Amino acid sequence: MTDARLAALAARLPNLRLLTDPADLEHYGRDWTRRWTPAPLAIALPADVAELQAVVRWANEQQVAIVPSGGRTGLSGGAVAANGELVLSLERMNRVLGFDGVDRTLTVQAGMTLHAVHEAAKEQGLLYPVDFAARGSCSIGGNIATNAGGIRVIRYGNTREWIAGLTVVAGNGELLQLNRGLIKNSSGYDLRQLLIGSEGTLGVVVEATLRLTDPPPPSQVMLLALPTMDALMEVFALFRSRLTLQAFEFFTDAALRHVLAHGAQRAIDGEHPYYVVTEFDSSESAQDAALAAFESGVDHGWISDGVIAQSDAQAAALWRLREGITESLAPHRPYKNDISLRISALPAFLREIQALLGREYPHFDVVWFGHIGDGNLHINVLRPDDLSDSDFIAQCEHVTKLLAETLQRHGGSISAEHGIGLVKRAYLGSTRSEAEIALMRGVRQVFDPNGLLNPGKLFV
Ligand code: MLT
Ligand code: ZN
């Protein structure tokens with residue numbers, strides 16, 4: 001070990017798993033953005049909380065920056081280590097610590113994958129309801145650090161709603177037990193909620209007590225084809241008024257093209273500009289209501305075609321059309337916008353933004369999809385073959401600036417669920433006031449006085 005700081009760490013913690021192999025530095029130094037060249041100092045994989053605290057204390061003594069690391073499926077660069085940081089991977093801290101059937105809570109280490117959390121809840125006959133396509137690789141600690149949303153927010157809310165308690169290592173190595181599983185706790189600032197969505201800048205989440213709920217009732221999955229963006233909002237209002245929705249997701253024909261090329265099966269014939277995958281509680285009356293809503297949508301000219309899944313396999317095939325989009329676009333290394341608006345503000349915003357993107361990206365493949373029922377749009381721009389990476393990013397940044405200004409006018413947010421990370425820090429001011437950002441910086445200073453936790457993320 002040539003680096004004196006690392007030699008000191010290895011001497012102090014002889015059992016600590018430390019990786020410095022170039023392939024490991026590359027693997028652990030990047031997330032799904034693939035925009036930055038990984039260059040961490042080393043990777044530490046502590047086995048327990050005490051070891052992790054000791055690493056954070058060492059980092060303070062040696063003034064080494066730390067990048068907390070979960071599954072690195074993030075899309076904003078929040079887990080990127082490109083400046084000689086120590087990557088602190090929670091990978092080995094991935095166990096269930098306890099289940100309480102009275103409280104209906106599951107306590108887990110932060111390195112567990114979301115999928116493993118789902119399975120552990122299911123074993124107890126209960127549900128952890130936050131869900132999205134990266135479930136097999138993302139970690140619950142990363143979900144908490146970004147307040148992850150996903151495909152069931154319309155029914156269950158964001159990660160924030162499901163965290164009953166957090167154990168966190170602050171920037172100075174101190175251990176904090178936040179909220180300790182309480183349902184009611186009116187005893188001052190809720191530091192747990194401050195940590196959720198803080199993107200690793202206030203502390204390292206090491207354990208979480210998760211709320212569980214009843215398993216969902218039987219449901220049905222429907223795919224709809226729509227002629228216009230305006231129709232999308234009309235159909236959403238129609239379906240929401242008549243059914244209990246579990247999900248209402250949209251994508252465009254461009255997204256469908258990519259996902260079909262990636263192996264998914266077409267479910268509706270013909271060319272249609274917009275599609276919706278919706279899932280709703282099923283009962284005999286709900287099936288009648290769904291049919292009536294569908295017919296009403298057709299009569300109004302808002303729905304062109306539709307199909308309802310007749311089996312679990314068909315439901316999975318319909319979901320694949322939506323959930324497979326990210327993976328199908330990944331080889332193109334898309335520039336991603338992840339924006340949020342009040343649902344009531346969407347129609348006017350969408351008209352404006354369609355015109356803006358049509359004008360600014362006339363020759364680019366622009367792929368729209370997302371959680372329209374939550375007011376959350378993912379706008380992915382694909383690099384044309386004849387454009388260099390740097391020219392492409394520069395053009396996308398120019399358009400994102402215009403997008404951010406438009407969002408600001410409509411009262412939206414530059415990040416709905418992916419976080420700010422490195423990708424969107426230049427646009428934080430379009431969503432947060434100067435006074436808010438000053439307070440956020442002040443909070444960071446209190447939790448992490450030496451500024452060693454994920455520096456450069458969230459703030460410019
Ligand atoms: C999704 O909704 O599929 C995820 O947020 C991932 C993405 O935006 O690519
Ligand atoms: Zn999403």
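Predicted model: local features only at pLDDT ≥ 70, side-chain atom pairs only at ≥ 80, totals over all residues.
Started with ligand 1: one of its oxygen atoms sits 3.1 Å from an N or O atom in the His378 side chain, which I count as a polar contact (a pair of N or O atoms within 3.5 Å). I then looked up Arg322, whose side chain has an N or O atom 2.7 Å from a ligand 1 oxygen. For Glu417, I got 3.1 Å between a polar side-chain atom and an oxygen of ligand 1. On its own, ligand 1 exposes 270 Å², and the protein buries 88% of that (Shrake-Rupley areas, 1.4 Å probe).

Residues are numbered from 1 along each chain as written, chains are lettered from A and ligands numbered from 1 in written order, and side-chain values use heavy atoms, leaving out hydrogens and water.

Next, I listed the shell of ligand 1 (a heavy atom within 4 Å); among its residues are Leu75, Lys336, Phe369 and His418.

Which protein atoms are donors of the zinc ion, ligand 2? I found His371 (NE2), His378 (NE2) and Glu417 (OE), 1.9 to 2.1 Å from the zinc ion; donors here are N, O and S atoms within 2.8 Å of the metal (3.2 Å for Na, K and Ca), and water is not among the atoms, so sites may look incomplete. Their spacing along the chain reads H-x6-H-x38-E. I also checked burial: His371 and Glu417 are both buried (under 20% relative accessible area, 1.4 Å probe, protein chains only).

How values were computed:
Buried < 20%, exposed > 50% of the residue type's maximum accessible area, 1.4 Å probe, protein only. Polar contact = N/O pair within 3.5 Å; in protein donor to acceptor, adjacent residues only side chain to side chain.
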